[in-house]
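Please take a look at the structure below. The paragraphs that follow go through its helix packing, its ligand shell and its backbone geometry.

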Amino acid sequence: MPVGLLTLAGIERAAHAQLPPEIWDFIEGGSGAERTLTANREMFGRHALRPRTLVDVSACDPALTLLGAPLRLPLGIAPMAYHRLVDPEGETATARAAGRAGALLVAGMFASRTLEEIAAAATGPLWLQLYWLRERVVLAALVERAEAAGYGALVLTVDAPRIGRRLRDLRNGFAVPSAVRAVNLDQALTAASHRATAGRSGIAEHAREQFDPALSWTDLAWLRERTRLPLVLKGILTAEDARLAVEHGVDAVLVSNHGGRQLDGAMPALAALPEVVDAVPAELPVLFDGGVRSGTDLAIALALGARAVLVGRPALWGLATDGEAGVHRVLDLLREELEHTMALLGRPRLADLDRTVLAPWPCPA
Ligand code: FNR
C-alpha cells in the first residue's frame with residue numbers, strides 16, 4: 001500500500017487532490033459556519049483511553065449481529081447521495097467493497113444506481129435510507145422494491161424537514177452533473193420538477209418539492225403498516241427523542257447530525273451519544289455517525305455505547321481514489337486500527353468496550 005494511504009487522512013488528501021473543487025466542497029462541506037462539522041471531529045480529541053494490561057489479547061473479535069445482519073466488525077457506510085459523482089460505477093462498487101470487508105452498507109434514497117443494481121452487487125448486509133416524501137405512493141413503492149430486492153432494514157432520516165444551508169454549494173453554484181441522477185426517484189419526478197432541478201444542486205431542490213416537512217411521530221405507523229423490515233430512525237440527538245422513538249416501537253436509533261450538514265450549531269454527534277444511550281433500553285441498538293476517521297474514534301464511540309458506527313465521507317474518499325478497492329481500503333484500515341486499539345487497550349471483545357475505557361483529555365492533574 002502506498003505510504004500516503006496508511007491512514008484515512010492520507011486517503012482524504014489523495015481524494016482532495018484529484019476531485020474537482022466543487023465536488024470536493026459538496027462532499028466535504030457542512031451547513032452554515034460549519035461549527036457542527038468541525039465539532040464532530042474535535043469531540044473525539046476530548047477523550048483519552050485507559051489501557052489495561054496483562055490481558056490475553058491473542059484473539060480480538062469485533063464481529064457482531066446487528067438487526068439480524070452478521071457483520072465482521074461494528075462498521076457500516078452511512079447513506080450518501082450520488083456515489084457516481086466520484087466514480088463512474090458508484091454505489092455498486094461501494095456495495096461490493098462493503099461486502100468484502102464484512103461491513104454494512106446503507107444505500108441512500110438519492111443513490112445514483114437503482115436499488116436493484118446495488119442489491120445485485122452487494123454480498124453483505126444492505127439497508128435502505130429514506131426521506132419522508134409528500135408522495136406517499138412513491139415512498140410505498142420504494143419500500144416494496146427494497147423488500148423485494150432483499151434489503152434488511154429501513155433507515156428513515158428525520159433531521160431533514162428541509163435541507164441545511166450549505167454555503168460552499170451556494171457559493172460554487174454547485175449543480176449535480178446531468179449524467180448523475182437520483183435514479184430511484186425517477187417515478188417521483190414529474191417532467192416539471194425535472195426541469196426545475198436541471199442544472200441545480202439536486203437535493204435542496206428535490207427536498208423543497210418532495211420532502212414532507214409535516215412528518216411527525218404519528219406518521220411512523222403508516223410506514224410500519226407497510227413493511228416487516230426493521231425501522232431505524234437517523235438523526236436522533238436528544239434523550240427526549242430517543243424515548244419517543246422507543247415509545248413508537250422503532251428497532252434502532254442512529255445518533256447523527258448528518259455530518260454537520262443540517263442544523264449548524266447542533267450538538268456534536270459524539271456529545272449527544274451518551275444521553276441517547278442512557279435514554280433507551282439496553283437491548284435497543286444505538287448506532288452512531290459523525291466524524292469517525294480512525295479505529296481509535298471507532299473504539300471511543302463504541303465505549304460510549306454505540307452498537308455500531310457508520311462512516312460517511314471516508315467511503316467517498318476511498319471510492320474517488322480507487323473505486324471498489326479504495327472503499328475496501330478505508331473499511332479494512334478501520335478494521336485493522338480497531339483490532340489494534342482493542343488489543344493495546346486490553347479489551348479483546350466488543351463487550352469490554354464500555355465507559356471505563358475512557359478518561360477526559362487532557363487528563364486531570
Ligand atoms: C450525506 N448524508 C446523508 N444522509 C442521509 O440520511 N441521506 C443522504 O442522502 C445523505 N447524503 C449525504 C451526502 C454526502 C456527500 C455526505 C457527506 C453526507 C449524511 C451521512 O449519512 C452521515 O450522516 C454523515 O456523512 C456522517 O458523518 P461523516 O462520517 O461524513 O463525518
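Helix H4 (residues 91–101) packs against helix H14 (residues 313–345) at an angle of about 15°, and their axes are 9 Å apart. H4 is therefore roughly parallel to H14, a label given to angles under 35 degrees, with over 145 counting as roughly antiparallel, 65 to 115 as roughly perpendicular and the rest as oblique. Axes here are lines fitted to C-alpha atoms, for helices over the stretch in contact, and angles run from 0 to 180 degrees between N-to-C directions. Helices (H or I, at least four residues) and strands (E, at least two) are DSSP runs numbered from the N terminus.

This is a predicted model, in which local features need pLDDT of at least 70 and side-chain atom pairs count only at pLDDT 80 or more, while totals for chains, interfaces and linings use all residues. Residues are numbered from 1 along each chain as its sequence is written.

On the H4 side, the contact with H14 includes Ala93, Thr94, Arg96 and Ala97. H14 contributes, among others, Ala315, Leu319, Gly323, Val327 and Leu331. Residues are in contact if their C-beta atoms, placed from the backbone, lie within 7 Å. By class, the contact of H4 with H14 has eight nonpolar, three polar and five charged residues; Ala, Val, Leu, Ile, Met, Phe, Trp, Tyr, Cys and Pro count as nonpolar, Asp, Glu, Lys and Arg as charged, and the others, Gly among them, as polar.

H14 also packs with helix H1 (residues 8–18), here at an angle of about 175° and with the axes 10 Å apart. H1 is therefore roughly antiparallel to H14. In H1, Leu8, Ile11, Glu12, Ala14, Ala15 and Gln18 take part in the contact, and among their partners in H14 are Pro314, Trp317, Gly318 and Leu333. The contact of H1 with H14 divides into nine nonpolar, three polar and two charged residues.

Around the ligand there are 22 residues, of which Ala78, Thr157, Gly259, Gly312 and Arg313 come nearest. A residue is near a molecule if its C-beta atom, placed from the backbone, lies within 6 Å of it. This shell has eight nonpolar, ten polar and four charged residues.

Helix H13 (residues 295–303) is largely enclosed by the rest of the structure, because eight of its nine residues are buried. The buried residues include Gly295, Asp297, Leu298 and Ile300. A residue is buried if 20 or more other C-beta atoms, placed from the backbone, lie within 10 Å of its own, exposed if 12 or fewer, and partly exposed in between. Just after H13, Gly305 has a positive phi of about 115°.

Most residues other than glycine have a negative phi, and most peptide bonds are trans. Leu54, in the loop between strand S1 (47–49) and strand S2 (64–66), has a positive phi near 55°. It counts as exposed because it has 6 C-beta neighbours inside 10 Å. Leu67 lies in the loop between S2 and strand S3 (69–71), and its phi is also positive, near 45°. With 19 C-beta neighbours inside 10 Å, Leu67 counts as partly exposed. The peptide bond from Trp361 to Pro362 is cis, with omega near -5°, and Pro362 is in the segment after strand S12 (358–360).

How values were computed:
Contact = placed C-beta atoms within 7 Å.
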